[in-house]
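Please walk through this structure, beginning with the chain as a whole and moving on to its strands and its aromatic rings.

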Amino acid sequence: MKVQVLGPADFLKMPWKNGLGVTTELAVARRPGEDGFDWRISTATVAVPGPFSVFAGIDRSLAIVRGGSLTLNVEGRDDVTLTTQTPAYAFGGELAVSSTPALDVDGVPIDDFNVMTRRTEWQHTLVQHRLTSDGVTWALPTQANSVAFLYCAEGAVTATLATGEAVKVPSGHALRLDDIRDTADAACQLRADGPSSDVFLTCLTPR
């Protein structure tokens, strides 16, 4: 298994496709073409109302990292309001989507977490957890070329691999796991270093 701890120096900031904001790219599988990726994991700050970029043929999941609420108006669906307490929301990248942020009482900007996969070639899952010292078991994908990705949004996390290796992931950092080929390595134990920590867990698998 390949284990990488990634931090701000490894991440790449870039303008949104529609030019209305900035994305922080945490991890990506690049390819030639208009959108330039097979999959991408990123965060972004949503400060003002406006449309989302269009990504034809891309499946998207979005969750709230911090801040108030974000109401999405999605083509053909009822409006949905996301907060740090709601599950990730999945939708097609080709749909017309606009968002309206509402800051919390402290005026903290809304940061969101995005996962995008090319529908014909990849699929993904995204869940968020508030960890405690009791911890949880993270089931890792073992299909060839799959990727498991943990982003620590707040607090710090210790990830204990099946080999017994304990990996520390500070706030604002990520853990990327590749080449998880043995089912014996497919369970990772996660616990907070402190009272609690907030993490986003993504698994990417080829179709």
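Of the 207 residues of the chain, 49% count as buried, where buried means under 20% relative accessible area, exposed over 50% and partly exposed in between, with a 1.4 Å probe and protein chains only. The model is a predicted one, in which local features need pLDDT of at least 70 and side-chain atom pairs count only at pLDDT 80 or more, while totals for chains, interfaces and linings use all residues. Residues are numbered from 1 along each chain as its sequence is written, and side-chain values use heavy atoms, with hydrogens and water left out.

A compact globule of 207 residues would have a radius of gyration near 17 Å, and the chain, with 17 Å, agrees; the radius is taken over C-alpha atoms, and the globule rule is 2.2 Å times the number of residues to the power 0.38. Along the principal axes, the C-alpha atoms fill a box of roughly 45 × 40 × 30 Å.

The secondary structure comes to 0 helices and 19 strands, these being DSSP runs numbered from the N terminus, with at least four residues for helices (H or I) and at least two for strands (E). An open sheet is formed by 6 strands in the order E2-E3-E4-E11-E6-E9, with antiparallel pairing, where two strands pair if DSSP finds at least two bridges between them. Strand E2 (12-15) and E9 stand at the edges with a single partner strand each, so one side of each is left without a neighbour in the sheet. E2 is joined to strand E3 (residues 22-30) by 4 bridges, the two running antiparallel, and lysine 13 stands opposite threonine 24 in E3.

The search of the whole structure finds 6 aromatic pairs, that is, rings of Phe, Tyr and Trp (its six-membered ring) whose centres lie within 6.5 Å, with planes under 30 degrees apart counted as stacked, over 60 as edge-to-face and the rest as tilted. The rings of phenylalanine 37 and phenylalanine 55 have centres 5.9 Å apart and planes at 50°, so this pair is tilted. Phenylalanine 37 lies in strand E4 (residues 37-46) and phenylalanine 55 in the loop between strand E5 (50-51) and strand E6 (58-66), 18 residues apart; phenylalanine 37 and phenylalanine 55 are both buried.

Phenylalanine 52 and phenylalanine 91 form another tilted pair, at 6.2 Å centre to centre and 50° between the planes. Because phenylalanine 52 lies in the loop between E5 and E6 and phenylalanine 91 in strand E9 (residues 89-92), the pair ties together parts that are 39 residues apart in sequence. Ring pairs link Phe52, Tyr89 and Phe91 into a cluster.
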